[in-house]
Amino acid sequence: MRKSKLLLIDSITIIIIGIIMLGTSYAWFLATTNTTSSDIVVTTANLGVITYKDGNDILFNNILPGAKTTKTFTISSSQDTTVDGQKYEIKLKILTNTLSPTASNAFVYTLIGTTSPSGGQTINVSDVPVPRESSSIGVGSINKSSTHTYTLSLEFKETSTDQNASQGTSFNGKTEVKPYTLPLLTDAIKKDNNYGISDSLIDFTSSSSNDLGLYYTDGTGLSYTEDNHTVYYFRGKVLNNHLKFGKDAFGRDMYWRIIRIDEGGNIKLIYNGTSPTSTGIDSSIGVSAFNSAFDKNAHVGYMYGTPGSTTYQNEHENLVDSRIKTFIDTWYEANLLDEEAYISKDTTFCNDRSISYGNGINNNSTDYKAYERIYMTKHPDFKCPQINDNFSVSKGNKKLKYPVGLITADETGFAGSNDKDNKDYYLYTGEYYWTLTPFFFVNNTASIFQINHLGAVFAISAGDSRHGVRPVIGLNYDTTWSKGDGTQNSPYEIIIK
């Protein structure tokens, strides 16, 4: 009898546990969609009346594969307030989106537009992956006395594969209709590259031959950024990071390659010559030594203090311009002063003189921190460890006269370099050129990282005057795109006012 009771209790326990587990599973598979319960009506001066049926908020929680939600809205122009062909833009404004990074492009939107009476052009797209951040769905145009009706559907498609990685995710966003204005350059870059790829799975110990595209730091990998802000960067043999900006002293167009969108939203560029097809020495502004002397630790500096000092502070104080800084500043004065309104004074250039071994004084043997990051652990970093080394006009150490510098060895690592030969990334030119990053001081010689003629990151004496100089600038975060898709035949161009 006692044994029967025990068996009965065990059976009940198993049933209860099963019910709990079933309830827990069902709770995830029960998708919920929340929208506001009343219409939102917006009257605009240019477009007329915009009506969002049941509001414009979209909220998904605990999203089930196969779940779908639909929003309807109209744009009704009038005879008096609208001109024929008035352009408008429909945006998907995203507040929270934890589904897209795990959905493998199965979380998509479809927009279907109709017009009554016929007038203007509606936007129609289908099964577009929902991006991680706010983006433009498209641009339409409306004529006088017309109504455009839209149905926007968001769907998490069933893929017949394991979709458990999306368990517990959510989406919170809204639709937005506004008169069309030209997009920011940063928005055009992101949209042309499907808003990037997470860099969490990149193996920085190998070259970029298998990595290609625009990547973003998502905080889960080994990419470190200032204040943990997201950085977008190009990596590998990309073909769509070309940009045309400015004219040199001889009236020739200047071409650049986009390195990254930095923590402040500025667009960092590296000079690439006066032709979109420039290679070798033609992708530099000339050759220069990094410093005229190289026999003290001070000479690893873009600016430096008193060589042979007895303290680190005096050795590396920013008092004297390096030879390469003078060379770059002189070029900037002759070629870019007329374009300064578009060049960010907030852009920073890290001449990282932090130390991993030694004391950085006089002619004492010293390994600088990037030697450890780039050569040993192979973990490049966007953060600049010391304010004294973070060169800028208006941020960091505020020691620059002009907002121009050089690429860092870490930025070349994100782009695809390491200590192995690599011709399969966009920074390869077939020639040696300088970075801004100290390597070490050994055998009475200050050494700086370079990219060599085979595409590998490499150390060379700061006094070697045979190597190329490729200036780096940052365009303002609010720079407006004009035309182009970043390809060699159609480089990005910006609005010049």
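So, what is the handedness of the link of Cys 350 and Cys 384? Right-handed, with 80° about the S-S bond.

Before I go on: this is a predicted model, where local features need pLDDT of at least 70, side-chain atom pairs count only at pLDDT 80 or more, and totals for chains, interfaces and linings use all residues. Residues are numbered from 1 along each chain as its sequence is written, and side-chain values use heavy atoms, with hydrogens and water left out.

On confidence, pLDDT is the predictor's own score for each residue, from 0 to 100. The protein's mean is 89, and 90% of its residues reach 70 or more. Residues 1-36 stay under 50. Where pLDDT is low, the predicted coordinates should not be read in detail.

Back to the sulfurs. There's 1 disulfide in the structure, meaning a pair of cysteine sulfur atoms within 2.5 Å. Here Cys 350 and Cys 384 have theirs 2.1 Å apart. Cys 350 sits in strand S21 (349-350) and Cys 384 in the loop between helix H5 (369-377) and strand S24 (390-391), so the pair ties together parts 34 residues apart in sequence. Helices (H or I, at least four residues) and strands (E, at least two) are DSSP runs, numbered from the N terminus. Both cysteines are buried, that is, under 20% relative accessible area with a 1.4 Å probe, protein chains only.

Now H5 itself. Its buried residues are Ala 370, Arg 373 and Ile 374. They cover an arc of only 80° around the axis, which puts them on the same side of H5; the arc uses directions from the helix axis to the C-beta atoms.

Definitions and conventions. Buried < 20%, exposed > 50% of the residue type's maximum accessible area, 1.4 Å probe, protein only. Contact = heavy atoms within 4.5 Å.
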